[in-house]
Amino acid sequence: MDGPVRAYVPTVRGGGQMHVRMLCLGRHWNGQKYQYEPTRADFDDQPAPPLPASFRALAAEIAGAAATALDPDICILNFYDADGRMGLHQDKDESQASLEAGHPVVSVSLGDAARFLFGGTRRRDPVESIVLQSGDAFVFGGPARLRFHGVSRILPRTAPPELQISGRFNLTFRRY
Ligand code: SIN
Ligand code: MN
């Protein structure tokens, strides 16, 4: 997160700042355009670092365990501090072909637990609240691929002590 291509807090369309630090691997998600691109045009013009083979294999294994399949080419790595959150949204900036195929999003959480909201395909649909703990994976694909979701709050000081971190990392794997 603090390496040469560092994580940053994106300013999104409309001028608001996100409540996470973000680092994209494989392809960069531009929060001004809501589009993927090879370089970080909304921040420092550096190329998105490659997706490590070990990350790609982990996501494929998790998708398999959830009786689906994913060969990801993107990982969005987000860090939430105690005040981190993410409003309800759909993940719909991947290619039309990928969305139509229903390739899942594979989400992996580490560190502090989070209250994760999972709604329907319309913003006004009822929302389910789930606590995602460190080590949990959450997979949504097929007819669930465009369901609204978000993080309403972080549960501070819930990270496993052996990780020696405060805050939450979430990695979402996708196929462009
Ligand atoms: C996201 O929707 O991109 C992140 C979800 C999470 O942090 O669990
Ligand atoms: Mn999302």
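Guide: We will go through the ligand, its contacts and its pocket in turn. Keep in mind that this is a predicted model.

Visitor: Which residues surround ligand 1?

Guide: Begin with a distance shell: a residue counts if a heavy atom lies within 4 Å. Here the shell around ligand 1 holds Tyr80, Met86, His89, Phe116, His149, Val151, Arg168, Asn170 and Arg174. Sorted by class, that gives 4 nonpolar, 3 polar and 2 charged residues.

Visitor: Which side chains have an N or O atom within reach of a ligand oxygen atom?

Guide: Look for N or O pairs within 3.5 Å. The side chain of Tyr80 places such an atom 2.5 Å from an oxygen atom of ligand 1. For His149 the distance is 3.0 Å. For His89 it is 3.1 Å. As for cover, ligand 1 on its own has 260 Å² of accessible area, and the protein covers 96% of that.

Visitor: What is the volume of the largest pocket?

Guide: About 710 Å³. The pocket is lined by 34 residues, and Met18, Met86, His89, Gln90 and Asp91 are the closest to its centre.

Visitor: What is the lining of the largest pocket like, by class and by strand?

Guide: Treat the lining as you treated the shell. It has 15 nonpolar, 10 polar and 9 charged residues. β4 (74-80), β5, β10 and β11 each supply at least two residues of this lining.

Terms used:
Residues are numbered from 1 along each chain as its sequence is written. Chains are lettered from A and ligands numbered from 1 in the order in which they are written. This is a predicted model: local features need pLDDT of at least 70, side-chain atom pairs count only at pLDDT 80 or more; totals for chains, interfaces and linings use all residues. Side-chain values use heavy atoms; hydrogens and water are left out. A polar contact is a pair of N or O atoms within 3.5 Å; within protein, one must be able to donate a hydrogen and the other to accept it, and residues adjacent in sequence count only if both atoms are side-chain atoms. Accessible areas come from the Shrake-Rupley method with a 1.4 Å probe; for residues, only the protein chains shown count as cover. Ala, Val, Leu, Ile, Met, Phe, Trp, Tyr, Cys and Pro count as nonpolar, Asp, Glu, Lys and Arg as charged, and the others, Gly among them, as polar. On a 1 Å grid over the protein atoms alone, a cavity is a set of points where a 1.4 Å probe fits but cannot get out, and a pocket is an open set with protein on both sides within 12 Å along at least five of seven lines; lining residues have an atom within 4 Å of a point. Grid points are joined across faces, edges and corners, and a volume is the space filled by probe spheres set on the points. Helices (H or I, at least four residues) and strands (E, at least two) are DSSP runs, numbered from the N terminus.
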